[in-house]
Every structure is written in C-alpha cells, then in structure tokens.
Amino acid sequence: MNHSNRTIGRRLLRNKGAAFGLIIIGAAIFVALAAYFIAPDPSPDANRMIVEIGGRSPGFRQQFLLVRKEKKQAPTSFWQRLLSGKEDDYHYIPVNSYAIKGDSLIVKKFVDEGVEERIAYFLPGLRAQGSNSTFLNEDAGKSDGASPDGKAGGTGEARDSKEDGHGPAGSGSMDIPIRTRVFWLGTDKYGRDILSRLLVGVRVSLAVGLVTVLISLSVGVLLGSLAGYFRGRVDEIIMWLINVIWSIPTLLLVFAITLMLGKGFWQVFIAIGLTLWVNVARIVRGQVLSVREREYVEAARALGYSHPRILFRHILPNVMGPVWVVSASNFASAIVIEAGLSFLGVGVQPPQPSWGLMIKENYNFIITHNPMLALAPGLAIMLLVLAFNLLGNGLRDALNVRV
C-alpha cells in the first residue's frame, strides 16, 4: 500500500498541471492561515472603513493621521489575531498636509477631491482642540504649498512606524503620528483595502470547499455504497432520490435550502454540500456494483463477515479512486457556487469578506474608471478553481481511473 501511494504521488507530481495546482492550493492555504498577519488591514474582516478614500485605483497612496481611540482595546493574543484579527487602536484620518505650531499639530484633512478642512490637535494627547473640534482658518480648497511627502511649510516630518504601522513610533525629539499607506489593489466604495479583503476572503472559499466535500463525501459514499451493495428495493429508493435531486438545477436547489436554513456563513456551506453529493453517490454505486461480485468479496461472505465489515473494510477502500477525483471537482464547484450566492446576496453576509460579495459591491466600477476592484476577486476565483480542476485531472491520470 505504501509503495502504491508513493507511486501515485510521483505520477501526480510529474504532471505539470497538477503540480501547478498544488502550488496554488498550498499558497492559498498559507494565506488563509496567516491572513491577519500579512494583510495591510488586520482588523476583523479587514473592515477598516475610510469613506473619504472610497473607490481608489490600484497603487493609491495616502497619508493618515493616527488618533488613538478613546476606548482602549483589550490585548489580543496570538490565537485571537490568527482567527479573527486585531481591533484598530487608532482612528485613521486622511490628511493632505500638516504643520506644527507650538503644542498643536495642524492638519489639512482630506474630505473629497479639492476639498479640505483644517483641524488642530494637541500633540501630547492628539485630541482635537476645543469641545467640538476647533477648526483653524476653516476653509475648503486645495492644499496651499504642501509638498508631496506631507511636509507643510517646511515643518513636520512623516516617519514609518516601527510597530507594524499600527501606532506612533520612532525616535527623535518628537514623533509625528502621520503614516503613509499604499493601497496596492485600491479601495472599495467604503474605503476598505481591497488587497486585505482579498487575502482574508480566501478563508471563505477554502472553508466552503472543505465543508462541502466533507458533506458530499459523507452522504454520497454512504447512500451510493448502500445502493450498490444491497441492490433491489434499497437501490430503487436511493436512485429515485438521486434522480429527483439531479433533475433540479443546482443553483435553484441551493437557493431553496439557503432560504430554508437562513442566510449566513455556515448555512451556505451546508446548502452547497447537500446539493453536490449526488455525483459522489452515483459514482460510488457504480463502483460497488462492479466490485461486489469479485472473489475476495465472495470469500468474505463465505467466512461469515457482517455486511458493514465487508462494505466498509473490503469494498470501499478499493473504489475510492474515482471519488477523490470527483471530490476535487466538487471543491471547485463549491467555490463557484458560493461566489454566485454571495453575489446574489444570499451567501456570506457583509462585512465578512467573500470574493463573490466583493464582486457584487464593486461590479459597477467595471464600466467606469476602476475595473480592478471587481476584476481582482474574479481573477482570484478563476485561479483557485483552475488549481482544483488541474489537481482533479492529475489525480485521474495518477490513479488511472475513469469517471
């Protein structure tokens, strides 16, 4: 058995398409696990909204004033951040320029294209002056003499944070809490970083595929093996159920189950899993029908072994090759179906990032100035689905099965 597994592994790795698929899948798994550590926005669900900079193109660069929140955030452990991210300790205020006057930091807050407002903050506590934020020279207009690096009138200097960009840090007589952020894939209409939501969203795609495969394998293998082994009335009932499910369009059936279970993260996983088991059941039934009459099965019956032992210890281990191939295909199908459901609004609910939901939120930008906001998650879906399809083809060739 070990020698056979090594042979199958070598065949799989020699297949260039399957090897490429494994690399993409491995990278996706790594990103899913480390998403909140590598994403520029590590807040829960990468949901840091800065509406002033909504709908920006890839490569957009903006300076921010970091103002500590009044409510101190509880410390976040390694495992908490790994699972759900870290709450922001600061408000991110977009600014065009700043200057220091006495004990005050005067910034020109970016409001909209060509619109600014000047605000003064006490430097020690970085709170707005006055009970209702005293605006100095309150006006609207373009920045007056601010240099591209954020220096206003030759005063003020922006430094990179030494604390992973989440708070003021640095050396010198005075640290100015101004940070520059680059949005490599742009921002959505709420000002959230597309790259961060793309990285965190891979968790949904992998999770829905995994849960769907587990459900489809559990239901499909059980019903298919019972139908193929016992035949007769049991086979007729199970095949009738398979044909009924088979006749209903997959998306329509998922809609019905989703509406019955409700909208949500786990509901959509269960709904998709309960629609993709028919492929597995049909293939397992055919394989069991061809194996149940072989000599080693007849010998097991002659020795008085029970039906469950014959079925699960002697028959199923010898018919699982085609099932693994179909499982890879089901994984890819689940990713596409989940994206479609989220696009239609009955899948994963906001603010949780889903690639299908990201397309829904940004598809109107395709025909305007910034198509990458919708194309980026679309390309991610295409690449991950391609990887699983290539893996399925590689498994089919390595196992030498026909499905």
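**Entry 1: Asp88**

I looked up Asp88 and found this residue buried, with a relative accessible area of 9%; buried means under 20% relative accessible area, exposed over 50%, and partly exposed in between, with a 1.4 Å probe and protein chains only. The model is predicted: local features need pLDDT of at least 70, side-chain atom pairs count only at pLDDT 80 or more, and totals for chains, interfaces and linings use all residues. Residues are numbered from 1 along each chain as its sequence is written, and side-chain values use heavy atoms, with hydrogens and water left out.

I placed Asp88 in the loop between α3 (78–84) and β2 (90–101). Helices (H or I, at least four residues) and strands (E, at least two) are DSSP runs, numbered from the N terminus. I then listed the residues that Asp88 touches, not counting those up to four places away in sequence: Ser43, Arg48, Lys69 and Gln73. Contact here means heavy atoms within 4.5 Å.

**Entry 2: the partner of Asp88**

Which residue forms a salt bridge with Asp88? I found Arg48, with the closest N and O atoms 2.8 Å apart. A salt bridge is a side-chain nitrogen of Lys or Arg within 4 Å of a carboxyl oxygen of Asp or Glu. Asp88 lies in the loop between α3 and β2 and Arg48 in the loop between α2 (16–38) and β1 (60–68), so this pair ties together parts that are 40 residues apart in sequence.

The side chains of Asp88 and Arg48 also make a polar contact at 2.8 Å. A polar contact is a pair of N or O atoms within 3.5 Å; within protein, one must be able to donate a hydrogen and the other to accept it, and residues adjacent in sequence count only if both atoms are side-chain atoms. I noted that Arg48, at 12% relative accessibility, counts as buried.

**Entry 3: other salt bridges**

I noted 14 salt bridges in the structure. One of the pairs I looked up is Glu361 with Arg192, whose side chains meet at 3.2 Å, N to O. Glu361 lies in helix α12 and Arg192 in the loop between β6 (178–183) and α4 (194–230), so the pair ties together parts that are 169 residues apart in sequence. Both Glu361 and Arg192 are buried. Salt bridges that share partners join Asp41, Arg48 and Asp88 into one network.

**Entry 4: Gly191**

I found Gly191 in the loop between β6 and α4. At 2% relative accessibility, Gly191 counts as buried. Leaving aside neighbours within four places in sequence, Gly191 is in contact with Arg48, Ile50, Ile53 and Gly54. I also looked up Gly191 and Arg56, which are 135 residues apart in sequence and 7.8 Å apart in space, C-alpha to C-alpha.

How many bridges join β3 to β4? I found eight between strand β3 (residues 104–112) and strand β4 (residues 115–122), and the two run antiparallel. Two strands pair if DSSP finds at least two bridges between them. Leu105 has Tyr121 in β4 as its bridge partner. β3 and β4 form a hairpin with two residues between them, and Gly114 in the turn has a positive phi of about 80°.

I also looked up the salt bridge of Glu117 with Lys109, where the closest N and O atoms are 3.9 Å apart. Glu117 counts as partly exposed at 23% relative accessibility, and Lys109 as buried at 19%.

**Entry 5: the nonpolar patch**

I found a nonpolar patch on the surface, formed by Leu251, Phe343, Leu344, Tyr363, Ile366, Ile367, Leu375, Leu379 and Met382, with about 890 Å² of accessible area together. The elements that give two or more residues to the patch are α11 (321–344) and α13 (372–399). The largest share, three residues, comes from α13. Patches are made of residues with over 30% relative accessible area and no salt bridge; like charges are joined within 9 Å, and nonpolar side chains (Val, Leu, Ile, Met, Phe, Trp, Tyr) within 5 Å. Accessible areas come from the Shrake-Rupley method with a 1.4 Å probe; for residues, only the protein chains shown count as cover.

I placed Tyr363 in the loop between α12 (355–362) and α13. Tyr363 is partly exposed, with a relative accessible area of 47%.

**Entry 6: the whole chain**

I noted 13 helices and six strands in the chain. Buried residues make up 46% of the 403 residues.
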